[in-house]
Amino acid sequence: MEQPLQAKFSSLCLISQHKLKQILSLCGDKTDLIIDPSLIKPLERICGVSWLRQNGVEKIYKMDPQLGQTANVTKVYFISACKQKYKCVLDQISSQISQNPSLADLKCFNIIIIPKVLHTYDSILESKGLYGIVKLHSFSWDLMSLDDNLLSLELPFLYKQLYVEQNHSLLSSVSLSLWNLYHVIGWPKYILSLGKHSSSVLDMLEIYNETYSRDFVSRDTYDIDTVVLIDRNQDYASSLLTPATYSGLLGEIFNISCGHLDLNVKETKYKKGKLNITTESQEASKNETMTLDSSLDSLYGEIKHRHFSEVLSVLSSKAKLLKNEDIKALGIQEIKQFVSTKLQQIALFKKNLVNHVLASETIISEMNNKFENVTYVENDMLNNRNKRSNFTYVDENFGTDIHIYNSLRLMCLLSLTQGLSYDEYNNLVNKYLLAFGYNFLYVFHNLLNSGLLVQPSSPKLSLNISNLGNLSDRLPKWQNSFQTMAGKLKQLPSQMDKSKMSPSYVFNNSYVPLIATICNILVTESLIDALNKLSILNDLKLGGTVLDTMKDGMETLNEKLSNLKLQNGELDFGCRDVRNILKLLKNDARLTSAKSKNILVYMIGGITYAEIAACEVVQTVTGCKIYIASDCVSSGSDYIAANT
């Protein structure tokens, strides 16, 4: 089943290619493509330069506010759904029309927006006086295969819009990507959603299904039996903890776009975020680009999910094997065959080996001796130990190792796991603002909005009771909601559970990511038992073809709309609350023995390499197949950066 399914995933790019071809055909012949640099890598996954030339594109330019005249009159701008970039393009078009008014009559300007044109864009177009002159096109590309069992929409701006800005206008792009995927692999039998965004996606899918029902959408045959949709804010701990895997640390240190890593050792993510008092001029250098794809780089496939402590020994052993490669003893014919078959492969392997060694050395120099200290403190936070010393560590970090992202990251993790008092919160906020400026005050509003930070309530009363002393220190140890839920789901491993075959190794044996826990329960328990265990999670809902067998007493979308009754302000079209539906499912004999064999996990708001590695462990131990999909692959620093 594996090969056909991988081929089906690859076919998604052909679907995206067909969509783009239809759009370019509407733009005319002999066009100039002006593309946002951040979209170059994803577009390369869909089509090449030769394909673009075959479809009317003659010249390609990088988008620049200072871009002058181009070769052709007809222009196609290729940008993401960002108002700032959109207005920048419109200003550039207005400038060109003011210099040459005849361009307005030609209607030669086209803007392709990823993933779709928002309603407000038409009003902005009208306010600029360009309505009817500029044509807007929506291009919602499909999931791209970045690596083995890893699919991505490559929309890194989606997290900020959904969670920070609370703007849900682009959520439909996630449901549309699933809708197109189901047309390729069949409709899954079970769909679990965890979180409000995931539930909304299932509702949209049901609307698509009833509105655009097609005969070729198979609801009887499927390659993947279970799909799990999860909101990013359901497990922020996995995004904030320091990863221990090689791929996870690569994501923390280097910029990665669409599976391509920019090996810039002089200007890493960490160096960019650190407060520099002295100004040092950096010499510009040509950077290597590493492709993080196991099919193209077998060495990466071998070390990507390993604990970083093992990586250098593996690289060393590979280097020794190359050193032992001796061609002096070969004859003429053997040398010819060696040159024609192996030499190119060995040259590529050497290049990859050098790049991985350089990346590993950079990780070591950047992390220095901080890795052990940070992971030790994070472990205490997760298990609700040593709250005072943990706060002291974070407080000192704000003063000694001032970093625009990492300081906030530790603060958010402490807030989520052990909580911050009113005075502690204000103390850390003041230190951050003193370091970076009070113009960064909005950052804390964003962190509170996205749920990464929990603001303590201000003291309502000022009690003058001096004889209580340190009463809080003498009170029994308490657990907040994080430890309670993590304890029930066994996400905090005991000493007995700490091994290389435990998914917790991705966080130095401190924590098991939620998606790995859910997948493990689904593949080892029957559906009924799995739902019973997972029913402790809030906002957990069930959808899929399993509901088709329970039409008695269940309304269709049209019936539900005609008998509109709001419950808690929400309507569930394509899913049902697990706690309620368990009463109907418990007597179904077919479901008491049903187990998931192939699972697709779709994280809305980005996924980390550490979570991918944890799912790989579950897959290896249980023998099931787990496929990962998301709108992008992110790191902890990326999530904090989205709030700044």
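1. In this predicted model, strand 9 and strand 15 (residues 598–604) run parallel and are joined by 6 bridges. Within this pairing, D231 stands opposite I604 of strand 15.

2. Strand 9 is also paired with strand 8 (residues 190–194); these two strands run parallel as well, with 5 bridges between them. Here I191 stands opposite V227 of strand 9.

3. Strand 9 (residues 226–231) is largely enclosed by the rest of the structure, because 6 of its 6 residues are buried, that is, under 20% relative accessible area. In a regular strand, side chains alternate between the two faces of the sheet. For strand 9, both faces are covered: one side carries T226, V228 and I230, the other V227, L229 and D231, and all of these are buried.

4. A separate matter is the largest pocket, which holds about 1,400 Å³ of space. Its lining comprises 41 residues, and those nearest the pocket centre are S38, P156, F157, I256 and D638.

5. Two or more lining residues come from each of helix 2 (40–46), helix 7 (158–164), strand 10 (255–257), helix 12 (269–273), strand 18 (633–634) and helix 30 (636–642). Helix 30 provides the largest share, 5 residues.

Conventions
Residues are numbered from 1 along each chain as its sequence is written. This is a predicted model: local features need pLDDT of at least 70, side-chain atom pairs count only at pLDDT 80 or more; totals for chains, interfaces and linings use all residues. Side-chain values use heavy atoms; hydrogens and water are left out. On a 1 Å grid over the protein atoms alone, a cavity is a set of points where a 1.4 Å probe fits but cannot get out, and a pocket is an open set with protein on both sides within 12 Å along at least five of seven lines; lining residues have an atom within 4 Å of a point. Grid points are joined across faces, edges and corners, and a volume is the space filled by probe spheres set on the points. Helices (H or I, at least four residues) and strands (E, at least two) are DSSP runs, numbered from the N terminus. Buried means under 20% relative accessible area, exposed over 50%, partly exposed in between (1.4 Å probe, protein chains only). Two strands pair if DSSP finds at least two bridges between them.
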